[in-house]
Amino acid sequence: MSHHITEARDLFYVYPDGRQAVSGISFRIHHGESVGIIGANGAGKSTLLMLLTGILRPAKGEVVIGEVRLTKDTLNMIRQRLGMVFQNPDDQLFMTTVHDDVAFGPRNLMLDEAQVEERVISALEKVGISHLKDRAPYHLSAGEKRAAAIASVLSMSPDILILDEPTSSLDPKSRRRLMKILSGFEHTKIITSHDLDMVLELCQRVIVMKDGRAIADGPAKDILTNKTLMEEAGLEIPLSLHGCPVCGRSKSDAD
Ligand SMILES: Nc1ncnc2c1ncn2[C@@H]1O[C@H](COP(=O)(O)OP(=O)(O)OP(=O)(O)O)[C@@H](O)[C@H]1O
Ligand SMILES: [Mg+2]
């Protein structure tokens, strides 16, 4: 696992009802890269992330993490290095308190209680929800749940962070705080989002999905400014790249 390369080799996935959600996706993501996966609703982004984390098993193709092929036998070992924040926080939070949800991963790593506590406090502080530690996750607001889900993954100190729509339901301050945490995370990040301004700010590389296929893979700025490509994918260029209606300059011109 020395280089933490994340590789998808010709991945296919078909849901039990026959819906083909991923159709021949291949890419190689190097350690330290920050990659945005974008596409319209139903394009296959969440399914792809679930294949990368071994939650779903591909019908064809394979996932390789740091030279290790993802199989039933390697799944536990790979999961210790790879943290995924689900699109729906209710899929991630299942304990009776936020504290215990955030402690769950470190406890599974067999750390002693003092180390577990240190990790929990640090993860809760990072996402700004220390005050929620004794609350029941199922009584939290959508944004608070998302922050708790992110803390439950950060407490594992993953080498590869996979986030499915991390900024959805966050208020502007919490979104900004999360973006700051993510930009300070020096390992690999793979992020799906409809928040294209966040993708532009955090990701150097973008993969565009449409109908289960990758229709583009390249530098974020080239992709996110390509109006034809974005329209083909059912997307729009990020707001921060729109021209000012008065002077025509975009925000990035001013940077
Ligand atoms: N459990 C399921 N059973 C059958 N089809 C499914 C299931 N989950 C997702 N799909 C279908 O697979 C396709 C890809 O879904 P997926 O959730 O991966 O899309 P997405 O790109 O993440 O969309 P969104 O932007 O809405 O989150 C869609 O057509 C969806 O309807
Ligand atoms: Mg999704």
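Biologist: Which residues coordinate the magnesium ion (ligand 2), and at what distances?

Modeller: The magnesium ion is coordinated by Ser 46 through its OG atom and by Gln 87 through its OE1 atom, at 2.0 to 2.2 Å. Donors are N, O and S atoms within 2.8 Å of the metal (3.2 Å for Na, K and Ca), so both atoms qualify; water is not among the atoms, so sites may look incomplete. This is a predicted model, in which local features need pLDDT of at least 70 and side-chain atom pairs count only at pLDDT 80 or more, while totals for chains, interfaces and linings use all residues. Residues are numbered from 1 along each chain as its sequence is written, chains are lettered from A and ligands numbered from 1 in the order in which they are written, and side-chain values use heavy atoms, with hydrogens and water left out.

Biologist: What makes the pair Ser 46 and Gln 87 a tie between parts of the chain?

Modeller: Ser 46 lies in helix α1 and Gln 87 in the loop between β6 (82-85) and α3 (98-108), so the pair ties together parts that are 41 residues apart in sequence. The helices (H or I, at least four residues) and strands (E, at least two) are DSSP runs, numbered from the N terminus.

Biologist: Why is Gln 87 called partly exposed?

Modeller: Gln 87 has a relative accessible area of 38%. Buried means under 20%, exposed means over 50%, and partly exposed is in between (1.4 Å probe, protein chains only), so the value belongs to the middle class.

Biologist: Why is α1 called mostly covered?

Modeller: In α1, 8 of its 8 residues are buried, and among them are Lys 45, Ser 46, Thr 47 and Leu 48. The helix is followed by Gly 54, whose phi is positive, near 80°.

Biologist: Which residues come nearest to ligand 1?

Modeller: Of the 14 residues around ligand 1, Arg 19, Gly 42, Lys 45, Thr 47 and His 194 come nearest, where a residue is near a molecule or strand if one of its heavy atoms lies within 4 Å of it. The largest share of this shell, 3 residues, comes from helix α1 (residues 45-52).

Biologist: How do you know that Thr 47 makes a polar contact with ligand 1?

Modeller: A polar side-chain atom of Thr 47 lies 2.5 Å from an oxygen atom of ligand 1. A polar contact is a pair of N or O atoms within 3.5 Å, so this pair qualifies; within protein, one atom must also be able to donate a hydrogen and the other to accept it, and residues adjacent in sequence count only if both atoms are side-chain atoms. His 194 has a polar side-chain atom 2.8 Å from an oxygen atom of ligand 1, and a backbone N or O atom of Gly 44 lies 2.9 Å from an oxygen atom of this ligand.

Biologist: Why is Thr 53 called buried?

Modeller: Thr 53 has 3% relative accessibility, so it counts as buried. Thr 53 lies in the loop between α1 and β4 (60-65), and a polar atom of its side chain lies 3.4 Å from the backbone oxygen of Met 50. Leaving aside neighbours within four places in sequence, Thr 53 is in contact (heavy atoms within 4.5 Å) with Leu 70, Leu 75, Arg 79, Leu 82, Met 84 and Ile 162.

Biologist: What makes the phi of Glu 67 worth a remark?

Modeller: Most residues other than glycine have a negative phi. Glu 67, however, has a positive phi, near 75°, and lies in the loop between β4 and β5 (68-69). With a relative accessible area of 60%, Glu 67 is exposed. Glu 165 also has a positive phi, of about 55°, although it is not a glycine, but at 6% relative accessibility Glu 165 counts as buried.

Biologist: Why is His 99 called buried, and where does it lie?

Modeller: His 99 lies in helix α3, and at 11% relative accessibility it counts as buried. The buried residues of α3, including His 99, pack against α4 (113-126) and α5 (142-154).
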